[in-house]
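Let's take a friendly walk through a protein model. Have the sequence and the 3D view ready, and follow along.

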Amino acid sequence: MERQTRIVADVAGAKPLWFSVESRYAHLLSDRADHVAVALLLPAMQSGRALHVGGTVTDTLLHQVNGDLQNLLMLTNPGTTRVAVSAEQVAEAAAPADGVATGFSGGVDSLATVEEYFWRGTAPRSLHITHLVNNNVGAHGTGGRALWEARCRPLQEAAESWGLPFVRVDSNLDEHYPRIGFLESVTLRNVAVAHALGAGIGRLLISAAGRFDDVSTQRITAAEPLALPLLSTRGVAVTSAGSGSNRVQKTVALIHRPEARILDVCIDPSPERTRNCSKCDKCLRTLLTIEIAGGLERFCPHAFSLGTYLAHRDDYVARVLVGAGVHDREIIAYAAHVNWRWRVRDHLAASAWRARAAAVRLRRAARSRLAALPGARAGLARVRARAIRRETRA
């Protein structure tokens with residue numbers, strides 16, 4: 001592994017917080033402590049403890065962290081409380097660096113941002129991507145660093161082929177979020193990395209997972225268009241990219257890009273996996289979209305297995321046709337837009353799914369009515385108890 005350079009902050013009552021990059025990218029690391037204020041704000045709000053940051057924090061960020069940002073986080077993360085945040089030194093924002101980065105995972109949202117702000121060549125210089133970043137801040141679950149490194153290998157090869165630096169940022173930040181899930185805090189984790197790289201990166205483009213009409217305060221990812229301005233400074237601007245397009249539109253935009261053959265949407269966490277499994281829901285959703293757009297041969301067999309997809313396709317299509325989820329509706333609307341004809345057996349399979357779902361609802365309703373009868377609850381409890389005792393004896 002290449003030599004690393006770390007920035008470290010001591011944390012009272014916990015392990016030091018650190019971020020590291022390969023030493024060839026050490027010039028990107030900021031000498032300010034803005035990343036510490038962002039990284040530890042939510043844990044402090046969860047514990048109800050004031051946060052004092054050693055070092056220098058940008059004045060506008062400190063103001064926002066003590067103001068509307070906490071009001072927003074209390075909505076997206078119920079159970080948190082307002083805390084006082086202070087710093088050893090406060091300074092005006094530094095001039096922004098020229099670097100423009102985006103998080104690069106190889107997924108649809110990620111590649112859509114690269115397509116708009118790099119491949120297409122129409123973005124102004126101030127928005128043209130100069131660096132690709134991949135963070136190890138908790139997204140890889142129990143797979144940890146081994147899974148992260150395995151996922152990074154093909155991404156680094158792709159970045160190098162495009163002439164872009166691939167900056168891998170390692171951190172123990174996840175250890176400082178013992179009772180806060182990754183999805184409940186992902187925005188703050190990634191923005192902390194942006195500020196840590198503030199000496200060389202003046203703008204971070206965060207690929208949006210949803211559209212503007214999905215904006216809400218129910219979760220932090222849905223509130224990103226509201227949160228990111230509050231997490232930015234004049235020196236480090238963090239903005240959302242792709243909020244105007246849905247997942248189907250982003251996928252279709254990648255089909256004729258040969259660079260997009262590295263597309264990786266799979267949820268299989270195995271470090272040994274070398275391409276998409278082609279049978280999980282994310283793979284099937286992506287492949288069905290690509291099929292409707294007429295581009296399967298462009299991604300099979302390099303990124304996906306056509307045989308595996310076809311073996312699971314019919315069951316998935318049936319679920320889409322009866323589904324009410326956002327992605328189901330997007331696929332159905334796109335199919336109608338391009339005059340896609342669903343097969344007769346697709347409709348028959350969907351009808352079978354509806355019948356099974358109706359039968360399940362009827363059984364649940366019957367059980368509910370039975371449980372409401374006088375004496376039924378006690379009878380059911382006795383039956384369950386006998387079953388448990390029999391299982392215990394066995």
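What follows goes from the overall picture to rings, cores and helices.

## The big picture

First, a caution: this is a predicted model. The protein has 394 residues, and 47% of them count as buried. You'll find 14 helices and nine strands in it. If you follow the C-alpha trace along its principal axes, it spans about 65 × 55 × 40 Å.

Much of the contact here is between parts that sit well apart in the sequence. Take the contacts with a separation of 6 or more: 72% of them come from residues 24 or more positions apart.

## Rings meeting rings

Now look for aromatic side chains. The structure has four aromatic pairs. In one of them, the ring centres of phenylalanine 104 and phenylalanine 166 are 6.3 Å apart, and the planes are at 85 degrees, so this pair counts as edge-to-face. The two partners come from distant parts of the chain, 62 residues apart: phenylalanine 104 is in the loop between β5 (99-103) and α4 (108-119), while phenylalanine 166 belongs to strand β7 (residues 166-171).

## Charges over rings

Rings can have charged neighbours here too. Arginine 168 places its charged end over the ring of tryptophan 148, 5.0 Å from the ring's centre. Arginine 189 does likewise with tyrosine 177, with its charged end 4.4 Å from the centre of that ring.

## Two nonpolar cores

The largest nonpolar core has 57 residues, and the members touching the most other members are Phe19, Leu73, Val169, Leu197 and Val238. Helix α1 (residues 34-47) gives this core its largest share, nine residues. Let's zoom in on valine 238: if you skip its neighbours within four places in sequence, its contacts are Val191, Ala194, Leu204, Ile206, Leu228, Leu231 and Ser232.

There's another core apart from that one, with 51 residues, including Trp148, Cys152, Phe299 and Tyr316. Trp148 is the tryptophan whose ring lies under the charged end of arginine 168.

Leucine 231 turned up among the contacts of valine 238, and it's worth a visit. This leucine is in the loop between α7 (224-230) and β9 (237-241). How much relative accessible area does leucine 231 have? The value is 1%, which is under the 20% cut-off, so leucine 231 is buried. Not counting residues up to four places away in sequence, it touches Val38, Leu61, Gln64, Leu69, Thr187, Leu188, Val191, His195 and Val238.

Next, helix α6 (residues 186-196), where ten of the eleven residues are buried, leaving the helix mostly covered. Among those buried residues are Thr187, Leu188, Val191 and His195, and these four also touch leucine 231.

## A pair of helices

Two packed helices are described by the angle between their axes and the distance between the axes. The axes of helix α9 (residues 281-293) and helix α12 (residues 326-337) come within 10 Å, crossing at roughly 10 degrees. An angle under 35 degrees counts as roughly parallel, so α9 and α12 are roughly parallel to each other.

Which residues meet where α9 and α12 come together? On the α9 side they are Arg285, Leu288, Thr289, Ile292 and Ala293, and on the α12 side His327, Ile331, Tyr334 and Ala335.

Terms used
Residues are numbered from 1 along each chain as its sequence is written. This is a predicted model: local features need pLDDT of at least 70, side-chain atom pairs count only at pLDDT 80 or more; totals for chains, interfaces and linings use all residues. Side-chain values use heavy atoms; hydrogens and water are left out. Rings of Phe, Tyr and Trp (its six-membered ring) pair if their centres lie within 6.5 Å; planes under 30 degrees apart count as stacked, over 60 as edge-to-face and the rest as tilted. Helices (H or I, at least four residues) and strands (E, at least two) are DSSP runs, numbered from the N terminus. A charge sits over a ring if NZ of Lys or CZ of Arg is within 6 Å of the ring centre and within 35 degrees of the ring normal. A nonpolar core is a set of buried Ala, Val, Leu, Ile, Met, Phe, Trp, Tyr and Cys residues joined through side-chain atoms within 4.5 Å. Buried means under 20% relative accessible area, exposed over 50%, partly exposed in between (1.4 Å probe, protein chains only). Contact means heavy atoms within 4.5 Å. Axes are lines fitted to C-alpha atoms, for helices over the stretch in contact, and angles run from 0 to 180 degrees between N-to-C directions. Angles under 35 degrees count as roughly parallel, over 145 as roughly antiparallel, 65 to 115 as roughly perpendicular and the rest as oblique.
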